[in-house]
Amino acid sequence: MTPLRLLVAGSALSGIGDGLFAAAAPLLVAGRTDSAVLVAGVLAAHRAPWLLASLHGGALVDRSDLSRLLPRIDLVRALVLVVLTAAVATGTAVIATTYLAAFVVGLGDTTVASGLQAAVPRMVDDDRLEGANTAMFMSQSLTEHLSGPALGGLLFAVAAGLPFGIDAVTFVLAAALMARSLPSGRGLGTEDDAPGRMGAQVREAVGWITRHTAMRRLTVMTGILSAAQAGVLAVLVLLLRDTYGAAPAAFGLVLAAGAVGNLAGAAVSRWMSARLSLPMMILLLGVAAGLAYVVMASSRSVPVAAAAMAVEGLAVGVVFVTGLSFRQRATPPRMLGRVSAAFRLVVFGVMPLGAVLAGLA
């Protein structure tokens with residue numbers, strides 16, 4: 001099996017666990033409190049590390065051996081999920097431990113996600129970049145957003161701690177596969193990798209994005225759409241339970257419908273990019289996602305909500321693949337980790353704000 005296929009397999013395994021966590025963590029907190037803010041805060045805790053550590057995580061990617069760095073991070077994330085599983089089993093500080101796990105898992109993601117996006121251009125030729133990005137995205141969508149959430153809702157109904165225990169196992173297996181598949185040796189990095197230089201390296205990447213007109217606009221537009229999506233996802237479990245009167249498993253199924261849309265979006269992304277500019281695609285698909293949210297707010301039917309989420313997911317799939325390929329080509333190779341982190345700092349960093357505002361609303 002080629003290194004890229006091993007990496008896709010590792011990403012898929014990790015994605016299953018992430019999907020389990022995304023579905024089970026809000027259900028776990030919602031079962032122990034009536035506070036919408038506390039429920040929405042799970043997503044906020046998961047995304048908050050992007051505001052706090054993503055830029056330095058990107059700098060770490062550019063100066064590190066990814067085949068050693070990323071597996072170690074996943075092993076740490078596995079450990080914290082073992083702690084959460086034990087907390088659920090004993091009924092000890094469940095909400096606090098859920099928040100801790102969400103934060104640590106998100107903290108690891110700030111470096112792992114940037115590392116994977118920086119590694120792919122080093123593993124394939126330029127003419128295969130869209131295909132590699134599509135394979136990575138589709139594997140993540142099939143697991144993190146489709147099978148994982150659907151399975152998470154079902155497993156939570158069997159035993160509240162079961163999804164988190166399985167998530168820990170997936171992180172261990174993903175670490176093993178990444179250790180075998182990621183390129184060894186230091187990244188292209190910078191000439192001076194002394195610890196005191198990390199701040200300057202971060203500022204270099206941020207300055208490059210600020211000066212690059214297309215990258216700056218792409219970052220701002222995607223960030224706005226990301227905040228809106230986070231607000232919807234943060235309170236979706238409450239909408240389905242309290243307004244729709246749906247069973248817990250419906251939450252995972254609606255999330256899974258969004259993943260089906262992700263797959264469709266990735267599949268048509270090359271076709272759309274050949275016909276529309278990237279800014280025009282983001283504008284049109286942003287409108288489509290907004291209309292889908294209106295349908296979800298107006299309906300009381302789980303199938304209708306799932307269909308609307310699929311439309312929203314299609315928009316995300318197209319924008320992710322085309323935007324990522326554009327960013328990888330436009331970015332100087334030695335800055336791939338830092339630029340990826342800076343972009344995702346905005347896209348994911350606004351999610352806690354969107355989540356908290358939605359919880360308050």
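This note walks through helix packing, nonpolar cores and a few individual residues in a predicted model.

1. Some ground rules first. Residues are numbered from 1 along each chain as its sequence is written, and side-chain values use heavy atoms, with hydrogens and water left out. Because the model is predicted, local features need pLDDT of at least 70 and side-chain atom pairs count only at pLDDT 80 or more, while totals for chains, interfaces and linings use all residues.

2. A word on how helices are named and compared. Helices are DSSP runs (H or I, at least four residues), numbered from the N terminus. Two packed helices are described by the angle between their axes and the distance between the axes. Here the axes are lines fitted to C-alpha atoms, for helices over the stretch in contact, and angles run from 0 to 180 degrees between N-to-C directions.

3. Helix α10 (residues 213-243) packs against helix α11 (residues 249-273) at an angle of about 135 degrees, and their axes are 9 Å apart. That makes α10 oblique to α11; angles under 35 degrees count as roughly parallel, over 145 as roughly antiparallel, 65 to 115 as roughly perpendicular and the rest as oblique. The crossing of α10 past α11 is right-handed, a label used if the near helix is turned clockwise from the far one by less than a right angle, with left-handed for anticlockwise.

4. Which residues of α10 and α11 meet? From α10 come Leu233, Leu236, Val237 and Leu240, and from α11 come Ala250, Phe251, Val254 and Leu255; contact means heavy atoms within 4.5 Å. The residues of this contact divide into eight nonpolar, no polar and no charged. For these classes, Ala, Val, Leu, Ile, Met, Phe, Trp, Tyr, Cys and Pro count as nonpolar, Asp, Glu, Lys and Arg as charged, and the others, Gly among them, as polar.

5. Next, look at α4 and α14. Helix α4 (residues 54-63) and helix α14 (residues 336-349) pack at an angle of about 160 degrees, with axes 7 Å apart. That makes α4 roughly antiparallel to α14. Ser54, Leu55, Gly58, Ala59, Val61 and Asp62 of α4 make the contact with Leu336, Gly337, Arg338, Ala341, Ala342 and Leu345 of α14. By class, the contact of α4 with α14 has seven nonpolar, three polar and two charged residues.

6. Ser14, Phe21 and Leu28 in α1 meet Asp74, Leu81, Leu84 and Val88 in α5. This contact of α1 with α5 divides into five nonpolar residues, one polar and one charged.

7. Now for the cores. A nonpolar core is a set of buried Ala, Val, Leu, Ile, Met, Phe, Trp, Tyr and Cys residues joined through side-chain atoms within 4.5 Å. The largest nonpolar core has 40 residues, of which Phe21, Leu81, Leu84, Phe164 and Leu236 touch the most other members. Helix α1 (residues 3-30) gives the most to this core, with seven residues. Another core, of 33 residues, lies apart from it, and its members include Leu43, Ala113, Met281 and Val319.

8. Is Met281 buried or exposed? At 2% relative accessibility, Met281 counts as buried; buried means under 20% relative accessible area, exposed over 50% and partly exposed in between (1.4 Å probe, protein chains only). Met281 sits in helix α12 (residues 278-298). Leaving aside neighbours within four places in sequence, Met281 is in contact with Met272, Ser273, Leu276, Val318 and Thr322.

9. Ser114, in helix α6, counts as buried at 0% relative accessibility. Not counting residues up to four places away in sequence, Ser114 touches Val61, Asp109, Gly337, Ser340, Ala341 and Arg344. Arg47, in helix α2 (residues 36-47), counts as buried at 13% relative accessibility.

10. Finally, a backbone detail. Ala93 has a positive phi of about 45 degrees although it is not a glycine. Ala93 lies in the loop between α5 (66-90) and α6 (94-123), and at 47% relative accessibility it counts as partly exposed.

Conventions: Helices (H or I, at least four residues) and strands (E, at least two) are DSSP runs, numbered from the N terminus.
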